Amino acid sequence: TATAAAVAAVAAVDAQARLRSEFHWDILAARSVWAFGPDNIQGANCLLDDVLPGTGRKVRGELARDSIVQGFQWAVREGP
């Protein structure tokens with residue numbers, strides 16, 4: 001829904017600001033965060049999209065993003 005998307009967008013901006021201020025991440029790395037795990041709002045694990053823009057791989061990654069994030073969160077939740 002639109003409300004859920006708005007909440008997720010605000011949470012993403014807050015997470016980016018926190019990564020930059022508290023952990024000294026650069027802006028590109030902070031914007032590359034796809035998900036935290038096992039909980040998407042906060043968690044000890046982080047999934048980054050580290051593919052450079054302008055490559056075909058970046059486009060393919062965006063197409064599969066939901067599946068990749070779901071698999072990441074499932075793996076983190078289940079543990080080693």
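Author: Start with Arg-18, which counts as partly exposed at 47% relative accessibility. Keep in mind that this is a predicted model. Arg-18 has a partner. Glu-22 forms a salt bridge with Arg-18, and their closest N and O atoms are 3.1 Å apart. Side chains of opposite charge can pair when their charged atoms come close. The structure holds one salt bridge.

Why does about one helical turn separate Glu-22 and Arg-18? Because the two residues sit four places apart in helix α1, which spans residues 2–23. Glu-22 is also partly exposed, with a relative accessible area of 46%.

Now step past the end of α1. Asp-26 sits in the loop between α1 and α2. Asp-26 is partly exposed as well, at 48% relative accessibility. Its side chain reaches the backbone nitrogen of Leu-28 at 3.0 Å. A polar atom of the Asp-26 side chain also lies 2.7 Å from the backbone nitrogen of Ala-29. Look back along the chain too. Gln-16 is 10 residues away from Asp-26, and their C-alpha atoms are separated by 9.6 Å.

Next comes Ser-32, in the loop between α2 (27–31) and β1. Is Ser-32 buried or exposed? Ser-32 is buried, with a relative accessible area of 13%. Its side chain reaches back to the backbone oxygen of Leu-28, at 2.7 Å. Ser-32 also touches Leu-47, Leu-48 and Asp-49, leaving out residues up to four places away in sequence.

Move on to β1. Five of the five residues of β1 are buried, so the strand is largely enclosed by the rest of the structure. Its partner is β2, residues 45–48. The two strands pair in the antiparallel sense, over four bridges. One link to find on screen is Phe-36, whose bridge partner in β2 is Cys-46.

In soluble globular proteins, nonpolar side chains tend to be buried together. Here the largest nonpolar core has six residues: Trp-34, Ala-35, Leu-47, Val-69, Phe-72 and Val-76. Two elements give two or more residues to this core, β1 (33–37) and α4 (65–78). The largest share, three residues, comes from α4. A second, separate core has five residues, including Leu-19, Ala-30, Val-33 and Phe-36.

Stay with Val-76 for a moment. Setting aside its neighbours within four places in sequence, Val-76 is in contact with Gly-37, Pro-38 and Asn-45.

Finally, zoom out. The protein contains four helices and two strands. From the N terminus on, the elements run α-α-β-β-α-α. Of the 80 residues, 20% count as buried. Take the contacts with a separation of 6 or more: 33% of them join residues 24 or more positions apart. The accessible surface comes to about 6,000 Å², and 59% of that belongs to carbon and sulfur atoms.

Arg-18 and Glu-22 make the salt bridge. Then β1 pairs with β2, and Trp-34 and Ala-35 belong to the largest nonpolar core.

Terms used: Residues numbered from 1 in each chain as written. Predicted model: local features only at pLDDT ≥ 70, side-chain atom pairs only at ≥ 80, totals over all residues. Heavy atoms only, no water. Salt bridge = Lys/Arg side-chain N within 4 Å of Asp/Glu carboxyl O. Buried < 20%, exposed > 50% of the residue type's maximum accessible area, 1.4 Å probe, protein only. Core = buried A, V, L, I, M, F, W, Y, C linked by side-chain atoms within 4.5 Å. Contact = heavy atoms within 4.5 Å. Polar contact = N/O pair within 3.5 Å; in protein donor to acceptor, adjacent residues only side chain to side chain. Areas by Shrake-Rupley, 256 points an atom, 1.4 Å probe, with all protein chains shown as cover. Pairing = 2+ DSSP bridges.
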